[in-house]
Amino acid sequence: MPAADLSQQPARPSALDPAVAARLRRSADGLVAAIVREHDTGDVLMLAWMDDEALHRTLTTGRATYWSRSRKEYWVKGATSGHHQYVRSVALDCDGDALLVTVDQVGAACHTGTHTCFSDELTVTRPEEDA
């Protein structure tokens, strides 16, 4: 019998609906990327990580909850900073390996204090024929 693909199994116990859990394609450490955008502006605010239980908590509380890879614990966005994310919707991408979390953002989304974590633009140089 072949070994189970651990990336398809939850890393920690969860009350997430089994039908939703079955659709997730997790990383080797049991996580799914969560791309967070602001409802009113459409701005992409941040990238965070969720496991099954973080997704369950997000869906059942309406508060964005993530898994901290560095601290190895759950964190509710804004619990310490006051910069809350109130969830409007969560969508699973076609491959099941990423979530799009649409939120009402209160305060800065980035830990650096900026509105978005994606404020450091890089220069793109295109060949002249594409310009």
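Select S68 and show what surrounds it. S68 touches E73 and W75, leaving out residues up to four places away in sequence; contact here means heavy atoms within 4.5 Å. S68 lies in strand β3, residues 65-68. Strands (E, at least two residues) and helices (H or I, at least four) are DSSP runs, numbered from the N terminus. The relative accessible area of S68 is 5%, so S68 is buried. Buried means under 20% relative accessible area, exposed over 50%, and partly exposed in between, with a 1.4 Å probe and protein chains only.

This is a predicted model, in which local features need pLDDT of at least 70, side-chain atom pairs count only at pLDDT 80 or more, and totals for chains, interfaces and linings use all residues. Residues are numbered from 1 along each chain as its sequence is written, and side-chain values use heavy atoms, with hydrogens and water left out.

Go to K72. K72 sits in the loop between β3 and β4 (73-76). Check its backbone: phi is near 60°, a positive value in a residue other than glycine. K72 is exposed, at a relative accessible area of 58%.

Now zoom out to the whole chain. Two helices and six strands are present. In sequence order they read α-β-β-α-β-β-β-β. The C-alpha trace spans about 55 × 40 × 25 Å along its principal axes. Of the 131 residues, 34% are buried. Among contacts between residues at least 6 apart in sequence, 42% join residues at least 24 apart.

Next, select Q85. Q85 is in strand β5, residues 85-92. Its relative accessibility is 0%, so Q85 counts as buried. Beyond its neighbours within four places in sequence, the contacts of Q85 include V36, M46, G62, K77, V103 and A109. Y66 is also one of them. Show both side chains: Q85 and Y66 make a polar contact at 2.6 Å. Such a contact is a pair of N or O atoms within 3.5 Å; within protein, one must be able to donate a hydrogen and the other to accept it, and residues adjacent in sequence count only if both atoms are side-chain atoms.

Turn to the charged pairs. Side chains of opposite charge can pair when their charged atoms come close. A salt bridge is a side-chain nitrogen of Lys or Arg within 4 Å of a carboxyl oxygen of Asp or Glu. How many salt bridges does this rule give? The count is four.

Select D52 and R26. They form a salt bridge, with the closest N and O atoms 2.8 Å apart. This pair links distant parts of the chain, 26 residues apart: D52 in helix α2 (residues 52-61), R26 in the loop between α1 (18-21) and β1 (32-38). Buried or exposed? D52 counts as buried at 3% relative accessibility. R26 is buried too, at 5%.

Stay on helix α2 for R57 and E53. Their side chains meet in a salt bridge, 3.2 Å from N to O. The two are four residues apart in the helix, so about one helical turn separates them. R57 is partly exposed at 33% relative accessibility, whereas E53 is buried at 13%.

Finish at R88 and D104. Their salt bridge has its closest N and O atoms 2.7 Å apart. R88 lies in strand β5 and D104 in strand β6 (residues 98-105), so the pair ties together parts 16 residues apart in sequence. R88 is partly exposed at 47%. D104 is partly exposed at 24%.
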